[in-house]
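Dear colleague,

I am passing on the structure that we talked about, together with some notes on what was found in it. Please look through it before you read on.

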Amino acid sequence: MVSLIMNKNNTNLEYARNYYSKNKEIIKKQVSDRIKKNRVKILEFYTHGTFKCSCCDVVGIEFLCIDHVNNDGNKQRKELRNLHSFYRWILKNNYPDSLQVLCHNCNMAKQIYGTCPHKKLSTV
Ligand SMILES: [Zn+2]
Ligand SMILES: [Zn+2]
């Protein structure tokens with residue numbers, strides 16, 4: 001009798017575990033799809049539908065990221081811990097002017113050196 005109850009409990013536990021892990025995958029997928037959708041929406045707005053880096057000629061959503069014009073992203077990133085809430089914040093604030101779209105190269109260069117080498121070349 002005792003072993004029967006234990007078995008039953010074990011089965012339930014197993015079932016709950018499976019159920020949870022299955023749903024976790026579904027929830028994860030839904031969230032990441034929404035992130036992707038929001039990302040495309042935001043990139044489309046800032047690039048005026050060209051999906052082009054605002055500094056160089058790189059085109060393609062995979063290469064682009066959202067950049068803080070004044071390099072004040074660190075403070076904000078702490079407040080908005082993940083991309084999901086960051087994108088939601090952008091949409092809620094109706095695409096703030098403090099943001100722009102750069103490719104990862106330009107974004108990295110700007111973060112490390114202050115300005116992207118493309119900008120320096122174009123002002124010389
Ligand atoms: Zn670029
Ligand atoms: Zn650049």
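This is a predicted model: local features need pLDDT of at least 70, side-chain atom pairs count only at pLDDT 80 or more; totals for chains, interfaces and linings use all residues.

Residues are numbered from 1 along each chain as its sequence is written, and chains are lettered from A and ligands numbered from 1 in the order in which they are written.

On confidence, the chain averages a pLDDT (the predictor's confidence in each residue, from 0 to 100) of 86, and 82% of the residues score at least 70. The lowest confidence falls in helix H2 (residues 73-79), with a mean of 67, whereas strand E2 (residues 99-103) has the highest, at 96, so please treat H2 with care.

The chain has five helices and two strands, taken as DSSP runs of H or I with at least four residues for helices and of E with at least two for strands, numbered from the N terminus. From the N terminus on, their order is α-β-α-α-β-α-α. Of the 124 residues, 13% count as buried, which is to say that 20 or more other C-beta atoms lie within 10 Å of their own; 12 or fewer make a residue exposed, anything in between partly exposed, and the C-beta atoms are placed from the backbone. Among contacts (C-beta atoms, placed from the backbone, within 7 Å) between residues at least 6 apart in sequence, 71% join residues at least 24 apart.

The two strands, E1 and E2, pair in the antiparallel sense over five bridges, where pairing requires that DSSP finds at least two bridges between them. One of the bridges joins His 68 to Leu 99 in E2. Four of the five residues of E2 are buried, so this strand is largely enclosed by the rest of the structure.

Beyond its neighbours within four places in sequence, Cys 55 is in contact with Leu 102, Cys 106, Cys 116, His 118 and Lys 119.

In helix H4 (residues 104-113), the buried residues are Cys 106, Asn 107, Ala 109 and Lys 110. They lie on the same side of H4 because they cover an arc of only 165° around the axis, the arc being that of the directions from the helix axis to the C-beta atoms. In helix H3 (residues 83-92), Phe 86, Tyr 87 and Ile 90 are buried, and their arc of only 95° likewise puts them on the same side of H3. On the other side of H3, Ser 85, Leu 91 and Lys 92 are exposed.

Lastly, the loop between H3 and E2 holds Asn 94 and Tyr 95. Asn 94 has a positive phi of about 55° although it is not a glycine, and so does Tyr 95, again at about 55°. Asn 94 is exposed, with 7 other C-beta atoms within 10 Å, and Tyr 95 also counts as exposed, with 12 such neighbours.

With best wishes

Technical notes
Two residues are in contact if their C-beta atoms, placed from the backbone, lie within 7 Å.
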